[in-house]
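Open the model in your viewer and keep the sequence panel beside it. This tour tells you what to select next and what is there.

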Amino acid sequence: MRQFVRLALGIIPVVGWAQLQAQSPIPPSAPYQQSSSIDDPLLRRLIQEALDRNPSLAQAKALVEAEKERIPQAKVLPDPSLTLGLQNDGFKGIQVGKMETSYYQVMVTQPLPWPGKRALRGDIATLGAEAARSTTDRTRLTLIADLKRAYYGLLLVRGQLDLLDQQAMFWQKASDITRVRYEVGQGSQADLLRAQLEQNRIRQARLALNSQEGVLLATLNRLRGAGAAESVPTTARIADLAPQAPAVSDWLQRAEKESPELQAARIGARQAERSLDLAKRDRYPDFAVSAGLMPRGGLDPMWQVGVSISLPIWSRQKQQRAVHEQEYRRTAQGSEAENVRNLLGQRIQERATQFQAAQETLKLYKEGLLVQSESSFQANLAQYEAGRAPFLSVLEALNGWIADRGGYLQAVAQVLSLQIAQEEFNLTGTPTISAQSLNSAAMGMGGSPSGASTASSLKSGATPASGGDAGSGMKSM
């Protein structure tokens, strides 16, 4: 019986453990590798599909075209008016052709704004189209960011499922071994029940991960305009991704040119300046020219031309107030642009700091936690083979190793979320990329010799619950 147990136990390190080594997210001594989303053909294809088919982006583009159509409308002259009339002497009959003061009237009147008003209205409409274009840019950046978050979230969930499968394989073998030992009187019922309990907990975790996978697939398909149930087969692994962020100065330079909110604020300031100029010109009168023809039947026709001018006699209460209004709006728009720039700089600096901390966490996983977890597993396995440790101590050490590897995947997702937030130039919070955690508590362990509790605390410090402020903690975008 002892030989059978040793043989069955030998399958675990030789087959299962070797498989873990082959599928391990990163070997302990592996160097950092820079990987960008542009190197993923599937992600590039999904992004292109979203840009081509997403209805929100199509709506934003249509609104830009609608704003462009307002430009010629703002520049054109007001519509002329046509006046048709009849002037007749007396009420007994039509006297046209009989009386000199009786005639038909056909008159055309063309309003003429004060010089420069039409050009200013055209400038304001042009700036409005530019503001709509910045809204489209925001829609596009958010769409790409949301798609990346869904895609990397899918990779994270599938990575966690792979780890769960490996853990399930070990627990199945453990259950078989403890059952055999219990049947021959060499093991305890508690060991058998514990192995069966862990298998059920793994099934419970798999249900949660499968649910998350379905939600992420539906989100990904919605963003790219595909059917909700369409599959997205992936070959990339989140463990192979290790993005390197540009320096803060590079992000700030990019933000000055690419941030939609900053561009919109600047456009708003320019638009307020043009509106102020227009309000000042509105203090000057508008004109109207008219020309008319008055046929008189058999008598010679008469004609008429005229010029009218508006009288801004209420300028003190109307036009002058409008000037003051636009001056305040110009000041407000200038303050908004400065506020957006300051907030953008704050968010970029915050995420850069968080990015550095997240990379240090990855380094700690690679050079410390994962190595220690593996060593703890091997040490417990050797002690069991020597008869100095219970079998479940081996499997608890294994759970700790799996938990740390799952934590590493979460930490990679954290780094990716921060990079996405920078690329999106997001001014608010950083939504998390997360999945069902494979930690000790979730698997029913009170802690592992590998230091899984330390890993759990590191993860909680690096990835708090999502909120609205990126400065409150490290959140993913």
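Strands here are DSSP runs of E with at least two residues, helices are runs of H or I with at least four, and both are numbered from the N terminus. Two strands pair if DSSP finds at least two bridges between them.

This is a predicted model, in which local features need pLDDT of at least 70, side-chain atom pairs count only at pLDDT 80 or more, and totals for chains, interfaces and linings use all residues. Residues are numbered from 1 along each chain as its sequence is written, and side-chain values use heavy atoms, with hydrogens and water left out.

Start with the sheet. It is open, has four strands in the order S1-S2-S3-S4, and its pairing is antiparallel. S1 and S4 (299–309) stand at the edges with a single partner strand each, so one side of each has no neighbour in the sheet. On average, neighbouring strands of this sheet are turned by 15° against each other, direction ignored. Such angles come from axes, which are lines fitted to C-alpha atoms.

Now select residues 81–87, strand S1, and residues 103–112, strand S2. Seven antiparallel bridges pair them. Look for Ser 81 opposite Thr 109. Then find Thr 83, which faces Met 107 in S2.

Leu 112 stands opposite Phe 287 here.

Last stop: Asp 123. It lies in helix H5, residues 117–183. Lys 75 and Asp 123 are 48 residues apart in sequence, and their C-alpha atoms are 8.7 Å apart in space.

Methods. Axes are lines fitted to C-alpha atoms, for helices over the stretch in contact, and angles run from 0 to 180 degrees between N-to-C directions.
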